[in-house]
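Subject: Structure handover

Hi there,

Here is the structure I promised to pass on.

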Amino acid sequence: RRQRQMCIRDRFEAIEEDATFLCDNFDCQLQGEGKFVSYEITGLSGELTAINVSPYTTTSSILLAGNDRGDIFKVTNAQNSTSRSISRIGGNNFIGSVSDIEFGSNENEIFVTFHNYGINNIFYTSNGGATWSEKDGNLPDIPVRCILQNPLNPEEVIIGTELGVWYTKEFSSQNPSWTRANAGMSDVRIT
């Protein structure tokens with residue numbers, strides 16, 4: 001399934017091959033195949049700041065949404081109002097505004113980043129959000145805006161931060177070692 005994610009002001013769109021999810025604060029809508037469904041993510045107590053649609057599910061849609069208060073919600077069967085379920089999968093130590101949510105090599109691997117100072121900014125789960133690992137390692141206290149795992153080498157992960165691009169080649173380590181990727185790039189904010 002093809003998918004892309006885009007932000008326009010306070011509106012987020014996660015677009016997959018045959019459907020478009022439009023989320024604006026509490027309301028999410030699904031458009032696709034001539035259908036239009038609107039629903040509310042219950043319990044979302046802040047502004048929606050990140051959204052992603054699973055590229056792995058083919059018979060239904062799984063939507064992950066994060067807000068400015070550190071909540072992560074998993075919406076299963078997002079396209080079906082009669083069988084949709086919404087659950088909170090964020091960790092208890094999630095503080096601040098979620099900046100990015102990405103799937104790894106399967107639907108249970110989830111990467112979450114935060115863009116705040118004075119907190120842990122990188123989290124990972126391999127079990128669909130039942131437990132989370134902090135992955136800041138030696139990263140300085142800087143906001144993290146986005147994250148991406150190398151699909152050919154799961155140990156290699158890059159992040160966009162307030163001070164440019166950083167990477168690790170040992171992501172599964174308890175404390176990954178992050179290095180600046182400054183081959184021709186300066187220390188600029190990545191958005």
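A definition to start with: accessible areas here come from the Shrake-Rupley method with a 1.4 Å probe, and for residues only the protein chains shown count as cover. On that basis the chain exposes about 9500 Å², with carbon and sulfur atoms supplying 46% of it.

Before the details, please note that this is a predicted model: local features need pLDDT of at least 70, side-chain atom pairs count only at pLDDT 80 or more, and totals for chains, interfaces and linings use all residues. Residues are numbered from 1 along each chain as its sequence is written, and side-chain values use heavy atoms, with hydrogens and water left out.

The overall picture

The chain has 17 strands and zero helices; both are DSSP runs numbered from the N terminus, with helices being H or I of at least four residues and strands E of at least two. Buried residues make up 46% of the 191 residues in the chain, where buried means under 20% relative accessible area, exposed over 50%, and partly exposed in between (1.4 Å probe, protein chains only). Among the contacts (heavy atoms within 4.5 Å) with a separation of 6 or more, 38% are between residues 24 or more positions apart.

An open sheet

Strands β6, β7, β8 and β9 form an open sheet in that order, with antiparallel pairing; two strands pair if DSSP finds at least two bridges between them. At the edges are β6 (48-53) and β9 (85-88), each of which pairs on one side only. From one strand to the next, the twist averages 20°, using axes that are lines fitted to C-alpha atoms (for helices over the stretch in contact) and angles that run from 0 to 180 degrees between N-to-C directions. Within the sheet, β7 (residues 62-67) and β8 (residues 72-76) are joined by five bridges, and L64 has K74 in β8 as its bridge partner.

What covers β11 (residues 110-114)? Five of its five residues are buried, so the strand is largely enclosed by the rest of the structure. I110, V112 and F114 are buried on one side, and F111 and T113 on the other. In a regular strand the side chains alternate between the two faces of the sheet.

A hairpin of six residues connects β10 to β11, and five bridges join these antiparallel strands. E102 stands opposite F111. Strand β12 (residues 122-125) also runs antiparallel to β11, through four bridges, and F123 is the bridge partner of V112.

Two nonpolar cores

A nonpolar core is a set of buried Ala, Val, Leu, Ile, Met, Phe, Trp, Tyr and Cys residues joined through side-chain atoms within 4.5 Å. The largest has 14 residues, of which I101, I110 and V112 touch the most other members. The elements giving two or more residues to this core are β10 and β11. Apart from it lies another core of twelve residues, including Y124, I142, F171 and W178.

Two buried loop residues

S97 sits in the loop between β9 and β10 (98-103). S97 counts as buried because its relative accessibility is 9%. Beyond its neighbours within four places in sequence, S97 contacts T49, N67, D68, T113, F114, H115 and N116.

E162 is found in the loop between β15 (153-161) and β16 (164-168), and counts as buried at 17% relative accessibility. The side chain of E162 makes a polar contact with that of R145 (2.4 Å). A polar contact is a pair of N or O atoms within 3.5 Å; within protein, one must be able to donate a hydrogen and the other to accept it, and residues adjacent in sequence count only if both atoms are side-chain atoms.

Best wishes
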